[in-house]
Amino acid sequence: MDTQTWSAELEDIFVNQRPRLCCVAAKVLGNTDQADDVVQDAYLKISEATTLFEIKQPISYVSRVVRNLAIDRCRRSVFESALFAKEEEGDNASCASHSPEVIAIDRQALALVVDALDELPERTRCAFELYRSGSHTQREVAHLLGISTTLVKEGLNNYRYSSTLT
């Protein structure tokens with residue numbers, strides 16, 4: 001079959017069988033608007049094909065191309081929905097602002113914490129730093145400092161609600 005004959009037959013199929021082809025795509029997509037787009041894409045895909053081969057049942061072939069493109073579009077839609085849903089979840093998340101005002105406030109708060117830690121007795125400060133910053137358990141802190149777990153617990157509780165930290 002030569003290129004001109006195939007182009008004429010292809011046009012005839014897409015003109016005369018358009019409602020049927022849209023129905024094939026709509027069954028997969030569940031949407032008639034997208035189905036019409038898929039049929040148009042199928043026409044472009046088939047008409048731009050450079051390799052010609054003999055097709056015994058051109059209507060079935062075109063229907064299969066439409067169905068496959070509809071499946072591809074459906075899969076792509078599901079993929080994009082999942083991808084962009086994750087992105088949209090981040091719209092409501094607060095983002096850290098690095099404005100000069102926020103930086104100054106954070107530095108002041110850090111200076112207050114450092115001053116409060118400097119006022120603690122050495123062993124209490126060490127226990128506090130090991131527990132809060134070092135991610136050690138109270139039992140581990142007690143073992144490292146050679147004191148009882150109860151003493152660690154009392155020391156941390158005494159300074160937890162200190163007014164100098166707030």
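This is a predicted model: local features need pLDDT of at least 70, side-chain atom pairs count only at pLDDT 80 or more; totals for chains, interfaces and linings use all residues.
Leaving aside residues up to four places away in sequence, Q138 touches Y131, T149, V152, K153 and L156. Colour the secondary structure next: Q138 is found in helix α7, which covers residues 138-145. Is Q138 buried or exposed? Its relative accessible area is 19%, and because buried means under 20%, Q138 counts as buried.

Now move to the helices α2 and α3. Select α2 (18-29) and α3 (32-47) together. The two helices pack at an angle of about 120 degrees, and their axes lie 8 Å apart. This angle makes α2 oblique to α3. The crossing in which α2 passes α3 is right-handed.

To display the contact itself, show the side chains on both helices. From α2, select R18, L21, C22, A25, A26 and L29. From α3, select T32, Q34, A35, D36, V38, V39 and Q40.

The next stop is the largest nonpolar core, which has 20 residues. Select F14, V38, I46, V62 and V66, the residues with the most contacts inside this core. Which helices each supply at least two residues of the core? They are α1 (3-16), α2 (18-29), α3 (32-47) and α4 (58-89).

Centre the view on F14. Not counting residues up to four places away in sequence, F14 touches L21, V39, A42, Y43, I46 and V62.

Finally, select L120, V141, I147 and V152. These residues are included in a second, separate core of ten residues.

Technical notes: Residues are numbered from 1 along each chain as its sequence is written. Side-chain values use heavy atoms; hydrogens and water are left out. A nonpolar core is a set of buried Ala, Val, Leu, Ile, Met, Phe, Trp, Tyr and Cys residues joined through side-chain atoms within 4.5 Å. Buried means under 20% relative accessible area, exposed over 50%, partly exposed in between (1.4 Å probe, protein chains only). Helices (H or I, at least four residues) and strands (E, at least two) are DSSP runs, numbered from the N terminus. Contact means heavy atoms within 4.5 Å. Axes are lines fitted to C-alpha atoms, for helices over the stretch in contact, and angles run from 0 to 180 degrees between N-to-C directions. Angles under 35 degrees count as roughly parallel, over 145 as roughly antiparallel, 65 to 115 as roughly perpendicular and the rest as oblique. A crossing is left-handed if the near helix is turned anticlockwise from the far one by less than a right angle, and right-handed if clockwise.
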